[in-house]
Amino acid sequence: MIETIPACPKCASTYAYQMDALLICPECGHEWQPGEAIEHSAEIRDSVGHVLKDGDTVTVIKDLKVKASSLVVKVGTKVRGIRLVDGDHDIDCKIPGIGQMGLKSQFVKKVSE
């Protein structure tokens, strides 16, 4: 039995538990063995778990206030040709009627074309 169980390498949850020889995360369902090399994936996922890529089209799933402005990005706004970046905001894009902006991937949903 492991004395200190590490956080989940996939979602960083601290609720991981040990079952037999595996460690299991109850939040994302990831299973791994203790001491297993952690794979860092650069995958960025939308609000429902689809993997996003540069050039994808997404829709906004929540009204978003634009910082330092009275503008609002409305639910259902379609954003074409996104660009994935590192940092607090995962997506750089140009929103019709507003302009260049950074979005978080948790507030968008990939459009299947």
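Let's start with Ser 13, which is buried at 4% relative accessibility. Buried here means under 20% relative accessible area, with a 1.4 Å probe and protein chains only; exposed is over 50%, and partly exposed lies in between. A word on the model: it is predicted, so local features need pLDDT of at least 70 and side-chain atom pairs pLDDT 80 or more, while totals for chains, interfaces and linings use all residues. Numbering runs from 1 along each chain as its sequence is written, and side-chain values use heavy atoms, with hydrogens and water left out.

Back to Ser 13. It sits in the segment before strand S1 (17-19). Strands, by the way, are DSSP runs of E of at least two residues, numbered from the N terminus. What does the side chain of Ser 13 make a polar contact with? The side chain of Glu 27, at 3.3 Å. A polar atom of the Ser 13 side chain also lies 3.1 Å from the backbone nitrogen of Tyr 15. A polar contact is a pair of N or O atoms within 3.5 Å; within protein, one must be able to donate a hydrogen and the other to accept it, and residues adjacent in sequence count only if both atoms are side-chain atoms. Leaving aside neighbours within four places in sequence, Ser 13 touches Ala 7, Cys 8, Cys 25 and Glu 27. Contact means heavy atoms within 4.5 Å.

Next, Trp 32. It belongs to strand S3 (residues 31-32). Trp 32 is buried, at 6% relative accessible area. Beyond four places in sequence, its contacts include Pro 6, Ala 7, Cys 8, Leu 22 and Cys 25. Trp 32 and Lys 10 are 22 residues apart in sequence, and their C-alpha atoms are 9.9 Å apart.

Now the sheet around it. S1-S2-S3 is the order of an open sheet of 3 strands, with antiparallel pairing. S1 and S3 are the edges, each pairing on one side only. Two strands pair if DSSP finds at least two bridges between them. S3 and strand S2 (residues 22-24) have 2 bridges. Within that pair, Ile 24 is the bridge partner of Glu 31.

A second open sheet has 3 strands in the order S9-S6-S13, also antiparallel. Its edge strands are S9 (78-79) and S13 (108-110). Strand S6 (residues 58-60) pairs with S9 over 2 bridges, and Val 58 is bridged to Val 79.

On to strand S11 (residues 91-95). Arg 83 stands opposite Asp 92. The S10-S11 hairpin has 6 residues between the strands, and Gly 87 there takes a positive phi near 125°. S11 also joins S12, antiparallel, through 5 bridges. Ile 91 has Leu 103 as its bridge partner. In that hairpin, with 3 residues between the strands, Gly 97 has a positive phi near 85°.

Last, the second largest pocket, at about 280 Å³. Its lining includes His 89, Met 101, Leu 103 and Phe 107. S12 gives the most, with 3 residues.

Technical notes
Helices (H or I, at least four residues) and strands (E, at least two) are DSSP runs, numbered from the N terminus. On a 1 Å grid over the protein atoms alone, a cavity is a set of points where a 1.4 Å probe fits but cannot get out, and a pocket is an open set with protein on both sides within 12 Å along at least five of seven lines; lining residues have an atom within 4 Å of a point. Grid points are joined across faces, edges and corners, and a volume is the space filled by probe spheres set on the points.
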